[in-house]
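Subject: A structure for you to look at

Hi there,

Here is the structure I promised to pass on to you. Have a look at it first, and then read my notes below.

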Amino acid sequence: MTRKIILKIKRFVDGDGLIAEDFHSKKEFEIRLYGIDAPEMNYCSKIKKDEKELHIPAALLIKLGYKSFEFFKSNMQIGEICTLVQEENNLFDKYGRTLGYLILSNGNVMNEIMIREGYAKPYSNVFCKKLPMYKEWSLKAKTDKKGLFAIVDSF
């Protein structure tokens with residue numbers, strides 16, 4: 001069983017999140033895309049952790065975060081009507097953000113675009129059914145040096 005929400009894009013948060021408005025209730029909420037993780041755009045505890053694990057300076061990780069953010073924004077527009085598809089029993093993350101697959105007005109799935117084009121990596125801390133496919137697509141993006149993989153081998 002899946003749940004679908006028709007929404008309007010209000011603003012972008014980072015390379016894997018945005019603020020949207022429920023088309024019917026007009027209530028605004030934050031969305032975190034299932035199965036993907038884009039680099040952070042600010043110096044924070046996650047950047048410090050990534051810096052140690054990846055041996056990449058925080059300044060470069062933040063630069064990658066901005067590149068991911070710009071790519072994310074370039075694929076949709078403020079005010080665009082989209083559909084959020086959610087998996088049953090997997091509706092919110094630990095921060096209360098709404099989780100889902102973002103289907104754009106042209107029918108493309110934003111989660112998939114970010115992975116296939118190399119601007120996000122698979123995120124396994126929150127399971128989603130498409131995660132195994134995202135891992136395959138990410139490996140292909142890395143092999144083909146697409147997106148952020150043109151700059152670094154991992155992020």
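**Strands side by side**

Ile5 has Leu84 in strand 5 as its bridge partner. Before I go on, please keep in mind that this is a predicted model, in which local features need pLDDT of at least 70, side-chain atom pairs count only at pLDDT 80 or more, and totals for chains, interfaces and linings use all residues. Residues are numbered from 1 along each chain as its sequence is written, and side-chain values use heavy atoms, with hydrogens and water left out.

The names of helices and strands come from DSSP runs, numbered from the N terminus (helices are H or I with at least four residues, strands are E with at least two). Two strands pair if DSSP finds at least two bridges between them. Strand 1 and strand 5 run antiparallel and are joined by 7 bridges. Strand 5 also pairs with strand 6, again in the antiparallel sense, over 3 bridges. Here Thr83 has Ile103 in strand 6 as its bridge partner.

How many of the 7 residues of strand 5 are buried? The count is 6, so strand 5 is largely enclosed by the rest of the structure. (Buried means under 20% relative accessible area, exposed over 50%, and partly exposed in between, with a 1.4 Å probe and protein chains only.)

**Two arginines**

Arg11 has its place in strand 1 and is partly exposed, at 45% relative accessibility. Its side chain and that of Glu28 are joined by a polar contact of 3.4 Å. (A polar contact is a pair of N or O atoms within 3.5 Å; within protein, one must be able to donate a hydrogen and the other to accept it, and residues adjacent in sequence count only if both atoms are side-chain atoms.) Not counting residues up to four places away in sequence, Arg11 touches Leu18, Ile19, Glu28 and Ile78, where contact means heavy atoms within 4.5 Å.

Now find Arg97, in the loop between strand 5 (81-87) and strand 6 (98-103). Is Arg97 buried or exposed? With a relative accessible area of 18%, Arg97 is buried. The side chains of Arg97 and Asp93 make a polar contact of 2.6 Å. Leaving aside neighbours within four places in sequence, Arg97 is in contact with Glu30, Arg32, Leu91 and Phe92.

**Rings and charges**

A pair of aromatic rings is described by the distance of the centres and the angle of the planes. Rings of Phe, Tyr and Trp (its six-membered ring) pair if their centres lie within 6.5 Å; planes under 30 degrees apart count as stacked, over 60 as edge-to-face and the rest as tilted. The structure holds 5 aromatic pairs. One of them is Phe12 with Phe72, an edge-to-face pair at 6.0 Å centre to centre and 80° between the planes. This pair links distant parts of the chain, with Phe12 in strand 1 (residues 2-14) and Phe72 in helix 2 (residues 58-74), 60 residues apart. Both Phe12 and Phe72 are buried. Another pair, Phe149 and Phe155, is tilted, at 5.0 Å centre to centre and 45° between the planes. Phe149 is buried at 5% relative accessibility, and Phe155 is buried at 6%.

Charges also sit over rings (NZ of Lys or CZ of Arg within 6 Å of the ring centre and within 35 degrees of the ring normal). The charged end of Arg32 is over the ring of Tyr123, 4.7 Å from its centre. Lys130 lies over the face of Tyr101, 5.2 Å from the ring centre.

**Cysteines and backbone angles**

How many disulfides does a search of the whole structure find? It finds 0, a disulfide being a pair of cysteine sulfur atoms within 2.5 Å. For Cys82, the nearest cysteine sulfur is that of Cys128, 18 Å away. Cys82 is buried, with a relative accessible area of 1%, and Cys128 is buried, with 0%.

Finally, look at Asn89, in the loop between strand 5 and strand 6. Its phi is near 65°, a positive value in a residue other than glycine, and Asn89 is exposed at 74% relative accessibility. Lys145, in the segment after helix 4 (131-143), has a phi near 55°, which is also positive in a residue other than glycine. Lys145 is partly exposed, with a relative accessible area of 47%.

Enjoy exploring!

Best wishes
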